[in-house]
Amino acid sequence: MNILGLDALVFGVDDIQSCADFLQDYGLNAVQLSESGGRFEALDGTAVVIRHSDDPSLPAGHHGPSPSLRETVYGVRSINDLDAIEDDLGRDREVSRDVNGVLHSVDDLGFAIAFQVTCRRPFEAPADLTNSPGSAPQRPVNQLGITADMPAVPRSLSHVVYFVPDAVKGEAFYRDRLGFVTTDSFIGAGPFMRTAGMDDHHCLFLIQTPPHMQGCEHFTFHVGSGTEVMVAGTRLQQKGWTSFWGPGRHLLGSNWFWYFNSPLGCHVEYDADMDQHDDEWVARQSPMSADNSQLFLFTSQEKWMPGGPPPKKG
């Protein structure tokens, strides 16, 4: 099964305008928007879709009241991959295809999942070039490393995190039925998993929680660098949205992060510079702790200039 990663996340919400404002301020492009919902895309076409929570086209909500994640859509390489998934999942659960050829089903934890020939498209965006003593300079002479108006927008849908009542059961489903690979795990909490068709450290993270907490904890899109995480997050704060956790850098996966509260019923993250792995990687197991969750974490201060009064905590 050539599952390439996440293509889209579909939410049922009550306040279309607030969610649309957040997603656009976050940096996604509203390619479709109306009173009934919208589609908001990153540079590669991966997306967040919002619809009214009572929209009959949405899968039933099993994971808490609206707003909530209602379906996770994975991209595959070809129609043949859709056929293979349909044949396998159809052995013990309902599967269906809609008029657009998207395959819909549920996982063993009750999360609605879907599969489509991927919507991902090629795109070009500048690389983060670093000049480091001891290695050849990456930026040409006179090329600036940062400017006030530099772009810092979502490039690709990265991963989604579920709170689940049985992480072992969830891991077994994604491994045994869909070919996912566990890259690392937090002991007693749950696994980080990637699809067999991708090399990112993870596109799915399952966290063991009490049953009443089941649902989406957060999702994130990749931006281009740690610098872009800082720039994008600062701009989102300036637009009035509240930081939840970060900025910082995780240990497992190595990715930069900055999480924000959102009107979508979950947190939303920026991430960058995630580790990549192949089948030779040996999964690690680490105790769940603050020290193992992040190598470092910044705390916000007001802007300051030399010679001014001491900076105040933000």
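Valine 153 is partly exposed, with a relative accessible area of 31%; here partly exposed lies between buried (under 20%) and exposed (over 50%), for a 1.4 Å probe and protein chains only. This valine is located in the loop that joins strand E8 (112-117) to strand E9 (156-164). The structure is a predicted model, in which local features need pLDDT of at least 70, side-chain atom pairs count only at pLDDT 80 or more, and totals for chains, interfaces and linings use all residues. Residues are numbered from 1 along each chain as its sequence is written, and side-chain values use heavy atoms, without hydrogens and water.

Together with Leu43 and Phe123, Val153 forms a nonpolar surface patch with about 210 Å² of accessible area. Such patches comprise residues with over 30% relative accessible area and no salt bridge, nonpolar side chains being joined within 5 Å.

In helix H2 (residues 79-89), the residues Asp81, Leu82, Ile85, Asp88 and Leu89 are buried. They lie on the same side of H2 because they cover an arc of only 130° around the axis, the arc being taken from the directions from the helix axis to the C-beta atoms. Asn80 and Asp87, on the other side of H2, are exposed. The cover over the buried residues of H2 includes strand E1 (3-13), strand E5 (68-76) and helix H3 (167-176).

Helix H1 (residues 16-26) has as its buried residues Ile16, Ser18, Cys19, Ala20, Phe22, Leu23 and Tyr26. At its start, a side-chain oxygen of aspartate 15 comes within 3.3 Å of the backbone nitrogen of glutamine 17. Glycine 27, with a positive phi near 120°, follows H1.

Key
Patch = residues over 30% accessible without salt bridge, like charges linked within 9 Å, V, L, I, M, F, W, Y side chains within 5 Å. Areas by Shrake-Rupley, 256 points an atom, 1.4 Å probe, with all protein chains shown as cover. Salt bridge = Lys/Arg side-chain N within 4 Å of Asp/Glu carboxyl O. Helix = DSSP H or I, 4+ residues; strand = E, 2+ residues; numbered from the N terminus. Contact = heavy atoms within 4.5 Å. Polar contact = N/O pair within 3.5 Å; in protein donor to acceptor, adjacent residues only side chain to side chain.
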